[in-house]
Amino acid sequence: MNASKAELRAQLLARRRERSEAARWQDAANLAASLPGVLDSLGADPARPLCLYVPVRSEPGATPDGSLPLLDAAVAIGRRVLLPVVTGSAPLDWAGFRDRGDLVPGPHGLLEPSRRREGPAAIASAGVVVVPALAATPDGVRLGRGGGHYDRSLPLVSGSTLVVAVVADDELLPELPVEPHDVRVHAVWRPTAGLIGTA
Ligand SMILES: Nc1nc2c(c(=O)[nH]1)N(C=O)[C@@H](CNc1ccc(C(=O)N[C@@H](CCC(=O)O)C(=O)O)cc1)CN2
Ligand SMILES: Nc1ncnc2c1ncn2[C@@H]1O[C@H](COP(=O)(O)OP(=O)(O)OP(=O)(O)O)[C@@H](O)[C@H]1O
């Protein structure tokens with residue numbers, strides 16, 4: 001693995017872990033409240049599914065009591081939500097989400113949907129794919145956890161799918177290391193600062 005990516009990940013995770021509970025609540029509430037506006041400004045087709053993920057631990061959107069305001073907000077506005085399922089080193093599989101009762105423990109301390117798996121190609125049906133990131137740049141470079149899961153899955157999106165990385169307000173960085181397999185995102189979404197399109 002690229003050493004500078006690994007160092008950056010460690011620094012970014014350390015900073016995330018220092019965030020107070022109050023700040024985590026605020027981030028989660030801001031993301032949920034801004035969802036309709038974000039989907040509007042992306043021009044997302046409401047008939048197409050929305051790929052989200054279950055934020056855990058210090059990820060923006062994760063709450064101290066494990067509630068999932070962003071996922072609930074998406075369901076509440078009538079979106080069909082797909083969530084990732086890790087299947088080894090294959091591209092992510094996808095399954096539907098309606099409420100918390102659909103989630104079961106998965107690898108890496110994640111929560112995963114237990115509904116019927118729709119296959120890795122289900123990502124192509126999504127109008128918008130919201131992806132986790134540790135940091136992103138204004139030109140769409142994304143730093144993930146290093147599993148390569150999204151790098152293997154994002155090439156399967158359709159030409160009209162918009163990919164949006166969620167980062168904390170202080171995680172939009174001027175530059176990040178890039179490798180040839182890194183897939184760029186179309187927009188970066190921050191809890192307070194909102195959405196920016198990437199060049
Ligand atoms: N919420 C969430 N879901 C996701 C991802 C993600 O980054 N966040 N992924 C993004 O690709 C995929 C799964 N890959 C992941 C890999 C590592 C960790 C993680 O938190 N690792 C801990 C170490 C704990 C462990 O590995 O057991 C860490 O990095 O501190 C999370 C997800 C798909 N689903
Ligand atoms: N399209 C791909 N096909 C096969 N392997 C890949 C692909 N993309 C990435 N990988 C592998 O995954 C590893 C991790 O990649 P990288 O460090 O870019 O992950 P990341 O984008 O931070 O993680 P993630 O996508 O899980 O959030 C790389 O070392 C690479 O070998």
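**Close-up views of a predicted model**

**View 1. Contacts of V129 within the predicted model.** Leaving aside residues up to four places away in sequence, V129 touches C51, I123, V157, T161 and V163. The model shown here and in the following views is predicted.

**View 2. The largest nonpolar core.** This core comprises 46 residues, and the members that touch the most other members are C51, L52, L70, V129, V130, A133 and A165. Helix α2, spanning residues 21-42, supplies the largest share of the core, with five residues. In soluble globular proteins, nonpolar side chains tend to be buried together.

**View 3. Helix α2 and its kink.** The 22 residues of α2 reach 30 Å from the first C-alpha to the last, which is close to the 32 Å expected at 1.5 Å a residue. The helix has a kink of about 45° at L35, shortly before the proline P36, and just after α2, G43 takes a positive phi of about 70°.

**View 4. The buried residues of α2 and their packing partners.** R24, D27, A28, N30, L31, A32, S34, L35 and L39 are the buried residues of α2, and these pack against helix α3 (69-76) as well as against the strands β6 (128-132), β9 (162-166) and β11 (194-197). An α-helix has 3.6 residues a turn, so residues three or four places apart point the same way.

**View 5. The shell around ligand 2.** Ligand 2 is surrounded by 15 residues, of which G144, G148, Y150, D151 and H181 are the closest. With four residues, helix α4 (residues 149-153) gives the most to this shell, whose composition by class is three nonpolar, six polar and six charged residues.

Key. Residues are numbered from 1 along each chain as its sequence is written. Chains are lettered from A and ligands numbered from 1 in the order in which they are written. This is a predicted model: local features need pLDDT of at least 70, side-chain atom pairs count only at pLDDT 80 or more; totals for chains, interfaces and linings use all residues. A nonpolar core is a set of buried Ala, Val, Leu, Ile, Met, Phe, Trp, Tyr and Cys residues joined through C-beta atoms within 7 Å. A residue is buried if 20 or more other C-beta atoms lie within 10 Å of its own, exposed if 12 or fewer, and partly exposed in between; C-beta atoms are placed from the backbone. Helices (H or I, at least four residues) and strands (E, at least two) are DSSP runs, numbered from the N terminus. Two residues are in contact if their C-beta atoms, placed from the backbone, lie within 7 Å. A residue is near a molecule or strand if its C-beta atom, placed from the backbone, lies within 6 Å of it. Ala, Val, Leu, Ile, Met, Phe, Trp, Tyr, Cys and Pro count as nonpolar, Asp, Glu, Lys and Arg as charged, and the others, Gly among them, as polar. The expected span of a helix is 1.5 Å times one less than its number of residues. The bend at a residue is the angle between axes fitted to the seven residues ending there and the seven starting there.
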